[in-house]
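Dear colleague,

Please find the structure below, handed over for your use. My notes on selected features follow it.

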Amino acid sequence: MFLTEPRQTPYDLHFHLLNIPVRIHPMFWLVSALMGFAADRTPQMVLLWIVAVFISILVHEMGHAIVIRYFGWEPSVVLYSFGGLAIHNPYVQSQYGPGRARRSKWTQIIISAAGPAAGFLLAGLMLAFLAGTRVASVELEWFEGTNIPRWYKLGPSMGLMSKPNVFFFILDMLFINIWWGLINLLPIWPLDGGKISRELFQMVDGGQAIRNSLMLSLICAIAVAIWAFQAEQRFMPIFFGFMAIQNYQELSGSNRYGGNNPW
């Protein structure tokens, strides 16, 4: 299935953050580099893009993981080619949480929303930093054929902000945490917005919730893939095209099971 935990490799990077285990699959670095590559980018800019993706995805998944632990489960984080995953075993309670390990639709919604919320908070800190450096004006445009922004005009600045690479890095951080965060909240399974949408459907229509949420997800995934293709994006049409295919396959399975969850 698309967006599932990858197998471990000898080249995985392992560490702990806030006592939460983190694993980075080697494909994470490769895909991040491919996404950041463009004719107008220098090697330093590509490297800064990779760092921005790493920090942003890690913050996103840690947002999920911290809330998972708060609700009483033991989480772990995996970064891999298509982003990241915050994983928990629903049968293993966390030694750090308050012992309220009990799944409900609202706990799942809060857990799903915590990742984008962490990214928005990080973007807010970046914007506060920009305000503190008194940047007068900033205009954005896209690298041709990519979904990656570049700057081409800024006003008076001070200190580090006078260095283009630093400013470029901050723009990357804002783009990833705001734009990707908003995309991630679309009701497309298995993005966070798709998980939230499924839980909301189950609240109001338990019998057909899976089928209805998958239909909405399929329509949205196709729409985004078409829009991204028309906008000459490189990766988004492929990414959301795969999601549309997965949703269609799962929708066919849910139809065979009368609209209930077949998993």
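The side chain of Q233 reaches the backbone oxygen of A231 at 3.3 Å, a polar contact (a pair of N or O atoms within 3.5 Å, where one must be able to donate a hydrogen and the other to accept it, and residues adjacent in sequence count only if both atoms are side-chain atoms). This is a predicted model, in which local features need pLDDT of at least 70, side-chain atom pairs count only at pLDDT 80 or more, and totals for chains, interfaces and linings use all residues. Residues are numbered from 1 along each chain as its sequence is written, and side-chain values use heavy atoms, leaving out hydrogens and water.

Q233 is located in the loop between α6 (209–230) and α7 (236–256); helices are DSSP runs of H or I with at least four residues, strands are runs of E with at least two, and both are numbered from the N terminus. With a relative accessibility of 14%, Q233 counts as buried (under 20% relative accessible area; exposed is over 50% and partly exposed in between, with a 1.4 Å probe and protein chains only).

E232 is exposed, at 53% relative accessible area, and has a positive phi of about 60° although it is not a glycine. L18, in the loop between β1 (13–17) and β2 (20–24), likewise has a positive phi, near 55°; L18 is partly exposed at 48%. Most residues other than glycine have a negative phi, and most peptide bonds are trans.

Finally, W189 and P190 are joined by a cis peptide bond with omega of about 10°. P190 lies in the loop between α4 and α5 (192–204).

Yours sincerely
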